[in-house]
Amino acid sequence: MELLETQDPEKKRLIETSERHRMEMEREVKDISDRSEKMLKNALIIGGALALTYVVVNQLSSSSTKKKPKKKAKADAEGSEIDEEESPSILSQMSDKVINTTTLFLLDLAKEKLSSFLQNKKSEG
């Protein structure tokens, strides 16, 4: 059968053309698949960063709304009680700063990823 196909130059040219078109279509499908995969990864990173930021902010806001019980000082000489507030510990202050810094970092990362995603989308369209 191949002998007949190679004898007719018009048929041979058409077969080569169709093969070339098939290879080009496969390449384009692969490119589209790669771009889609990259966009999906970026979307997952952005979504994960936003979700993590939401959880951290939610935890911070819920822990800050809880009031610590006030310690009562011993009665002074007159017999009246004095309320004394507990000052936050150094460990608590450090963890707040770490959480705030981490939140800012994640928000900045999400902003950069979202910005690059939008730039890519703008340049494609």
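Me: Where in the chain is confidence lowest, and where is it highest?
Reply: This is a predicted model. Strand E2, residues 83-84, has the lowest confidence, at a mean of 49. Where pLDDT is low, the predicted coordinates should not be read in detail. Confidence is highest in helix H2, residues 9-65, with a mean of 86.

Me: What is the mean pLDDT of the chain?
Reply: Of the residues in the chain, 74% reach 70 or more. The mean pLDDT is 78.

Me: Which pattern do the helices and strands follow along the sequence?
Reply: The chain has three helices and two strands. Read along the sequence, they give the pattern α-α-β-β-α.

Me: What percentage of the residues count as buried?
Reply: Buried means under 20% relative accessible area. The chain has 125 residues. The share that counts as buried is 6%.

Me: What is the accessible surface of the chain, and how much of it belongs to carbon and sulfur atoms?
Reply: The accessible surface comes to about 11100 Å². The part that belongs to carbon and sulfur atoms is 60%.

Me: What share of the contacts with a separation of 6 or more joins residues 24 or more positions apart?
Reply: Contact here means heavy atoms within 4.5 Å. Take the contacts in the chain with a separation of 6 or more. Residues 24 or more positions apart account for 58%.

Me: How far does helix H3 reach from its first C-alpha to its last?
Reply: Helix H3 covers residues 90-124, which is 35 residues. At 1.5 Å a residue, 51 Å is expected. The helix is close to that, with a reach of 51 Å.

Me: Which residues of H3 are buried?
Reply: A buried residue has under 20% relative accessible area. In H3, the residues that count as buried are Thr103, Leu106 and Ala110.

Me: Is threonine 53 buried or exposed?
Reply: Threonine 53 sits in helix H2. Its relative accessible area is 7%. The cut-off for buried is under 20%, so threonine 53 is buried.

Me: Which residues is threonine 53 in contact with, leaving aside neighbours within four places in sequence?
Reply: Threonine 53 belongs to helix H2. Two buried residues of H3, Thr103 and Leu106, are among its contacts.

Me: What separates the C-alpha atoms of leucine 109 and leucine 50?
Reply: Leucine 109 is found in helix H3. It is partly exposed, at 28% relative accessible area. Along the chain, leucine 109 and leucine 50 are 59 residues apart. Their C-alpha atoms are separated by 9.6 Å.

Me: Which residues does glutamate 124 touch, not counting those up to four places away in sequence?
Reply: Glutamate 124 lies in helix H3. It counts as partly exposed, at 44% relative accessibility. The residues it touches are Arg35 and Met39.

Me: How many salt bridges does the structure hold?
Reply: A salt bridge needs a side-chain nitrogen of Lys or Arg within 4 Å of a carboxyl oxygen of Asp or Glu. By that rule, the number in the structure is seven.

Me: How far apart are the closest N and O atoms of aspartate 34 and lysine 30?
Reply: Aspartate 34 and lysine 30 are four residues apart in helix H2, so about one helical turn separates them. Aspartate 34 is partly exposed, at 38%, whereas lysine 30 is exposed, at 51%. They form a salt bridge, and the closest N and O atoms are apart by 3.3 Å.

Me: What is the N to O distance in the salt bridge of glutamate 37 and lysine 41?
Reply: Both residues lie in helix H2, four residues apart, about one turn of the helix. Glutamate 37 is partly exposed, at 43%. Lysine 41 is also partly exposed, at 48%. Their side chains meet at 3.5 Å.

Me: Which residues do salt bridges with shared partners join into one network?
Reply: Some salt bridges share partners. The one network they form joins Glu19, Arg22 and Glu26.

Notes. Residues numbered from 1 in each chain as written. Predicted model: local features only at pLDDT ≥ 70, side-chain atom pairs only at ≥ 80, totals over all residues. Heavy atoms only, no water. Buried < 20%, exposed > 50% of the residue type's maximum accessible area, 1.4 Å probe, protein only. Areas by Shrake-Rupley, 256 points an atom, 1.4 Å probe, with all protein chains shown as cover. Expected span 1.5 Å × (residues − 1). pLDDT = per-residue confidence, 0-100.
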